[in-house]
Amino acid sequence: MSAFAYINIEDVPADLRETAAVRADDITGATLVAYDGCPLVGESRKAADPEPRAVVEYPFPRNTQIRNDLVSWFVDKGINFTVVM
């Protein structure tokens, strides 16, 4: 079973949003977002519940160290996140 972590782009501090590296994946065309210090690259998406808003989806790693690093980065930056399995 795969799990994903989701964050709202509005929850990301402005300084991180301004310095984010954003590009389209060459194969899938997905919009990839890399924030300074974040251990993973996420995919920008639109959520539709209850109203459209921009979210970033991250794979939620099975590897304990990488998972802990991702969660620590979210907490350190004050970013709310949701994990869905």
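What is the mean pLDDT of the protein chain, and what share of its residues reach 70 or more? The mean is 93, and 95% of the residues get to 70 or more; pLDDT is the predictor's confidence in each residue, from 0 to 100.

This is a predicted model, so local features need pLDDT of at least 70 and side-chain atom pairs count only at pLDDT 80 or more, while totals for chains, interfaces and linings use all residues. Residues are numbered from 1 along each chain as its sequence is written, and side-chain values use heavy atoms, with hydrogens and water left out.

View 1. Helices (H or I, at least four residues) and strands (E, at least two) are DSSP runs, numbered from the N terminus. Follow the sequence and you get β-α-β-β-β-β-α-β. With a radius of gyration of 12 Å, close to the 12 Å from the globule rule for 85 residues, the protein chain is as compact as a globular protein of that length. That radius is taken over C-alpha atoms, and the rule is 2.2 Å times the number of residues to the power 0.38. Buried residues make up 29% of the 85, where buried means under 20% relative accessible area (1.4 Å probe, protein chains only).

**View 2. Six strands make an open sheet with antiparallel pairing.** Their order is β2-β3-β4-β5-β1-β6. β2 (21-24) and β6 (82-84) each have a single partner strand, so one side of each is left without a neighbour in the sheet. Two strands count as paired if DSSP finds at least two bridges between them.

**View 3. Here β1 meets β6.** Strand β1 (residues 4-8) pairs with β6 in the antiparallel sense, over 3 bridges. To find your way in, look for Phe4, whose bridge partner in β6 is Val84.

**View 4. β2 and β3 form a hairpin.** There are 6 residues between the two strands, and Gly29 in the turn has a positive phi of about 80 degrees. β2 and strand β3 (residues 31-34) pair over 4 bridges, antiparallel. Ala21 has Ala34 as its bridge partner in β3.

**View 5. Next comes the join between β3 and β4.** These strands run antiparallel, with 2 bridges joining β3 to strand β4 (residues 42-47). Val33 has Gly42 as its bridge partner in β4. Confidence in the protein chain is lowest in β4, at a mean of 89, and highest in helix α2 (residues 64-77), at 98.

Definitions and conventions: Buried means under 20% relative accessible area, exposed over 50%, partly exposed in between (1.4 Å probe, protein chains only).
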